[in-house]
Amino acid sequence: MSAVLDVLTAVLFVVGALLAVVASVGLHRLDDTRSRMHAATKPGTLGVLCCAIGAALQVGSTSLVTKLLVAAALQLVTAPVGAHMLSRALTRRDEQRPPATP
Amino acid sequence: MTFSSQVALGLLIAATVLTVVRAVRPSSSIGDRAVAFDMMTAVIQCGLFVGAVVIGDGILIDVALVLGLLGFLTSVTVARFLERTNP
């Protein structure tokens, strides 16, 4: 049983870390702010969720598992809200900018 | 288990460094910086979760909880600032 949990935790940790690496490479390779935002969302939700579940399988106490799940749920709720506000602000900023004169 | 945790920590450190480079690069706009810092807090949160298992201390989970709230606050503040200032 413990070995199964260990393997599951190892897989979840490595998957979360790989998501973070891929997204950070995407921040450099993609060429638009919205595209970079699309890359940055993956570790913000799925990466944190993977690492939190992986850690929750290993820590032994109920209070720590509760804290981990609260942190993951909070991140799941707040990450889309923050990204939405940021992209809305950027879009309004682009709309307010006067068009370039030819 | 220990080996995979160390691999994950190394990958997360590399991701954090790449994200910080994206944020402080002179050619990036303020939106890029905000996105990069938002992602950096998420990656550090992942690292704190992995680190809590590696060193076996639950205090890092509290740190990650507060860091998540601070990251959300940061992106909301930057978004409101961007919305109020003229380009």
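# A tour of a two-chain helical model

Begin by selecting chain B, which has 3 helices and 0 strands, both kinds of element being DSSP runs numbered from the N terminus, with helices (H or I) of at least four residues and strands (E) of at least two. From the N terminus on, the elements of chain B run α-α-α. Before going further, note that this is a predicted model, in which local features need pLDDT of at least 70 and side-chain atom pairs count only at pLDDT 80 or more, while totals for chains, interfaces and linings use all residues. Residues are numbered from 1 along each chain as its sequence is written, and chains are lettered from A and ligands numbered from 1 in the order in which they are written.

**Confidence.** Colour the model by pLDDT, the predictor's confidence in each residue, from 0 to 100. The mean for chain B is 90, with 98% of its residues at 70 or more, and chain A averages 89, with 96% of the residues scoring at least 70. Among the elements of chain A, H1(A) has the highest mean pLDDT (92) and H3(A) the lowest (90). For the complex, the predictor gives an ipTM of 0.89 and a pTM of 0.90.

**Overall dimensions.** Stay with chain B and view its C-alpha trace, which spans about 50 × 25 × 10 Å along its principal axes. Its radius of gyration is 15 Å, whereas a compact globule of 87 residues would have one near 12 Å; the radius is taken over C-alpha atoms, and the globule rule is 2.2 Å times the number of residues to the power 0.38. Now show chain A, which has 3 helices and 0 strands and, read along the sequence, follows the pattern α-α-α.

Which residues of H1(B) are buried? They are B:Ser5, B:Ala8, B:Leu11, B:Leu12, B:Ala15, B:Thr16, B:Leu18, B:Thr19 and B:Arg22, where buried means that 20 or more other C-beta atoms lie within 10 Å of a residue's own, exposed that 12 or fewer do, and partly exposed in between, with C-beta atoms placed from the backbone. What covers these buried residues includes helix H1 (2-29) of chain A together with helix H2 (30-55) of chain B.

**The nonpolar core.** Next, colour the largest nonpolar core, which has 48 residues, and pick out A:Cys51, A:Ala52 and B:Cys46 as those with the most contacts inside it; such a core is a set of buried Ala, Val, Leu, Ile, Met, Phe, Trp, Tyr and Cys residues joined through C-beta atoms within 7 Å. At least two residues of this core come from each of H1, H2 (33-56) and H3 (62-96) of chain A, and from each of H1, H2 and H3 (59-84) of chain B. H2(B) gives the most to this core, with 14 residues. Centre on A:Ala52, which, not counting residues up to four places away in sequence, touches A:Leu68, A:Ala71, A:Ala72 and B:Phe49, contact requiring C-beta atoms, placed from the backbone, within 7 Å.

**Where the chains meet.** Turn to the interface, in which 45 residues of chain A are in contact with 43 residues of chain B. On the side of chain A that touches chain B, the largest share, 16 residues, comes from H3(A). Two stops illustrate this interface. In helix H3 of chain A, select A:Ala89, which is buried because 23 other C-beta atoms lie within 10 Å; leaving aside residues up to four places away in sequence, A:Ala89 touches B:Ala79, B:Leu82 and B:Glu83. Then move to A:Val59, in the loop between H2 and H3 of chain A. Is A:Val59 buried or partly exposed? With 19 C-beta neighbours inside 10 Å, A:Val59 counts as partly exposed. Apart from its neighbours within four places in sequence, A:Val59 is in contact with A:Leu64, A:Val65, B:Ala52, B:Val53 and B:Gly58.

Methods: Contact = placed C-beta atoms within 7 Å.
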